[in-house]
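This briefing is meant to be read alongside the sequence and the structure. Please keep both in view and find each residue as it comes up.

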Amino acid sequence: MVVMVSRTGRHLQRYNKGRRQIVGCIPYRYKDIIDLSMAAEDAFEVLLISPQRKGKGLLFPKGGWEKDETIEDAARRETIEEAGVCGDVEGKLGIWYFENKNGDTAYEGHMFPLFVTEELDCWPEKDIRERFWMSVREARKLCQNGWMKEALELLVSRLASQRRGTKVDLFSRINRSSSGHGTVLHLGCRAQVLTPPPPSPAEEA
């Protein structure tokens, strides 16, 4: 069940050595058609949201990590509250240390990828934020926070590494249909129809 009201107040906020601990996600999804020859960053899209103060670029959903939740639960909650998407929180991309523009508040930021499995029509901050699916190239230009851009590059690198592994192990991971006319390669929760490789001379014999 999705709670339709955002958390408010900071009485449960976590701090580490005076730094406010915040957690964010990069929501992403694969495009409907994936060509394994395309660059890794062209195979997926990311979701950015507008800030509460308009005219300051875009950002990924993030917010305070509170004492009554795990860090993964905080990442999931903030993404639902601000972006209205649900999904699988994956391994942490890293930790960043930074301050606000005035230099009077220090932060410790944790970023995770979130593979989107559901988009909500209504979510807690729908009336104050917009959400935008876009390419990685567009996100680089429009994301307002440098540390979030660094997290995005780490996600691109991670997904590129995963796709290289897929290419190397391409035909060892396929399931042939009983008719032998098609080959299905399972890529996570998606499948792609491929042309079967030609039979080797030994197989023809």
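Once its neighbours within four places in sequence are left aside, phenylalanine 44 is in contact (heavy atoms within 4.5 Å) with Tyr28, Arg29, Tyr30, Lys31, Val136, Leu155, Val156 and Leu159. The model is a predicted one, in which local features need pLDDT of at least 70 and side-chain atom pairs count only at pLDDT 80 or more, while totals for chains, interfaces and linings use all residues. Residues are numbered from 1 along each chain as its sequence is written, and side-chain values use heavy atoms, with hydrogens and water left out.

**The chain as a whole**

- The protein chain contains 4 helices and 11 strands, where helices (H or I, at least four residues) and strands (E, at least two) are DSSP runs numbered from the N terminus.
- Of the 205 residues in the protein chain, 44% are buried; buried means under 20% relative accessible area, exposed means over 50%, and partly exposed lies in between, using a 1.4 Å probe and protein chains only.
- Among the contacts in the protein chain with a separation of 6 or more, 66% are between residues 24 or more positions apart.
- The accessible surface comes to about 11,600 Å², and 50% of this area belongs to carbon and sulfur atoms; such areas come from the Shrake-Rupley method with a 1.4 Å probe, and for residues only the protein chains shown count as cover.

**The largest nonpolar core**

- The largest nonpolar core has 42 residues, and those with the most contacts inside it are Ile26, Tyr28, Phe44, Val46, Leu48, Phe60 and Met111; a nonpolar core is a set of buried Ala, Val, Leu, Ile, Met, Phe, Trp, Tyr and Cys residues joined through side-chain atoms within 4.5 Å.
- At least two residues of this core come from each of β2 (19-30), β3 (44-49), α1, β5 (85-89), β6 (94-99), β7 (106-119), α2 (136-142) and α3.
- The element that gives the most to this core is α3, with 7 residues.

- Glutamate 82, which lies in helix α1 (residues 71-83), counts as buried because its relative accessible area is 7%.
- The side chain of glutamate 82 makes a polar contact with the side chain of arginine 129 at 3.4 Å; a polar contact is a pair of N or O atoms within 3.5 Å, where within protein one must be able to donate a hydrogen and the other to accept it, and residues adjacent in sequence count only if both atoms are side-chain atoms.
- After α1 comes glycine 84, whose phi is positive, near 70 degrees.

- Serine 161 is in helix α3 (residues 146-168), and it counts as partly exposed because its relative accessibility is 40%.
- Phenylalanine 115, in strand β7, counts as buried because its relative accessibility is 10%.
- Cysteine 25 counts as buried because its relative accessibility is 0%, and cysteine 86 is buried with a relative accessible area of 13%.
- The structure holds 0 disulfides, a disulfide being a pair of cysteine sulfur atoms within 2.5 Å.
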